[in-house]
Amino acid sequence: MNYKVKSIIIGRKKNESKSLQGRPCFISMFDINDPHIKNISPKKILDFKSIKKIILKGFEVNYLLEGNDILVNNLSSLVIQENQKNGYLVLSGKQDL
């Protein structure tokens, strides 16, 4: 799927079901950079039930220690591909640095 966003926050959620092979996670999408500082609600949130690995291709990222989340700023486009067979999410797109 293709999205036009300025930044994203990637995080894991509490694993309610111990029977799943992966972990639940989310991707929050924003129209501004550094949304964690500005306390802005996301324009969209995508939830995934069972992800083993998230692969970020060609992005400069920031790891937010306070919440264990990953922040990607300065995006102009985001492409998310989910491979349900192996439990991977692949994120790519265009980042203006």
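Me: Two strands pair if DSSP finds at least two bridges between them. Over how many bridges do strand 6 and strand 7 pair, and in which sense?

Reply: Strands of a sheet pair through backbone hydrogen bonds, either parallel or antiparallel. Strand 6 pairs with strand 7 (residues 69-72) over three bridges, in the antiparallel sense. Within this pair, Tyr 63 has Ile 70 of strand 7 as its bridge partner. The model is a predicted one, in which local features need pLDDT of at least 70, side-chain atom pairs count only at pLDDT 80 or more, and totals for chains, interfaces and linings use all residues. Residues are numbered from 1 along each chain as its sequence is written, and side-chain values use heavy atoms, with hydrogens and water left out.

Me: How many helices and strands does the protein chain have, and what pattern do they follow?

Reply: Helices (H or I, at least four residues) and strands (E, at least two) are DSSP runs, numbered from the N terminus. The protein chain has nine strands and one helix. Along the principal axes, the C-alpha atoms fill a box of roughly 40 × 25 × 20 Å.

Me: With which strands does strand 3 pair, and is strand 3 mostly covered or uncovered?

Reply: Strand 3 pairs with strand 2 over six antiparallel bridges, and with strand 4 over six antiparallel bridges. Ile 9 has Ser 28 of strand 3 as its bridge partner, while Ile 27 is bridged to Leu 46 of strand 4. Cover is read from relative accessible area: buried means under 20%, exposed over 50%, and partly exposed in between (1.4 Å probe, protein chains only). Seven of the eight residues of strand 3 are buried, which leaves the strand mostly covered. Over the 97 residues of the chain, 36% are buried.

Me: What is the strand order of the four-stranded sheet?

Reply: This open sheet has the order 1-8-9-5, with mixed pairing. Its edge strands are strand 1 (2-3) and strand 5 (53-56), each of which pairs on one side only. Strand 1 runs antiparallel to strand 8 (residues 75-83), and two bridges join them. Tyr 3 has Leu 78 of strand 8 as its bridge partner.

Me: Which residues of the largest nonpolar core touch the most other members?

Reply: A nonpolar core is a set of buried Ala, Val, Leu, Ile, Met, Phe, Trp, Tyr and Cys residues joined through side-chain atoms within 4.5 Å. The largest one has 17 residues, of which Ile 8, Ile 27, Met 29, Leu 78, Ile 80 and Leu 91 touch the most other members. Strand 2 (7-12), strand 3 (23-30), strand 4 (44-51), strand 8 and strand 9 (88-95) each supply at least two of its residues. A second, separate core of five residues includes Ile 9, Phe 26, Phe 30 and Leu 64.

Me: Which residues does Met 29 touch?

Reply: Contact means heavy atoms within 4.5 Å. Leaving out residues up to four places away in sequence, those that Met 29 touches include Tyr 3, Val 5, Ile 8, Leu 46, Leu 78 and Ile 80.

Me: Where is Asn 39, and what is its phi?

Reply: Asn 39 lies in the loop between helix 1 and strand 4. Its phi is near 55 degrees, a positive value in a residue other than glycine. Asn 39 counts as exposed because its relative accessibility is 72%. Asp 34, in the loop between strand 3 and helix 1 (35-38), has a positive phi near 50 degrees. With a relative accessible area of 27%, Asp 34 is partly exposed.
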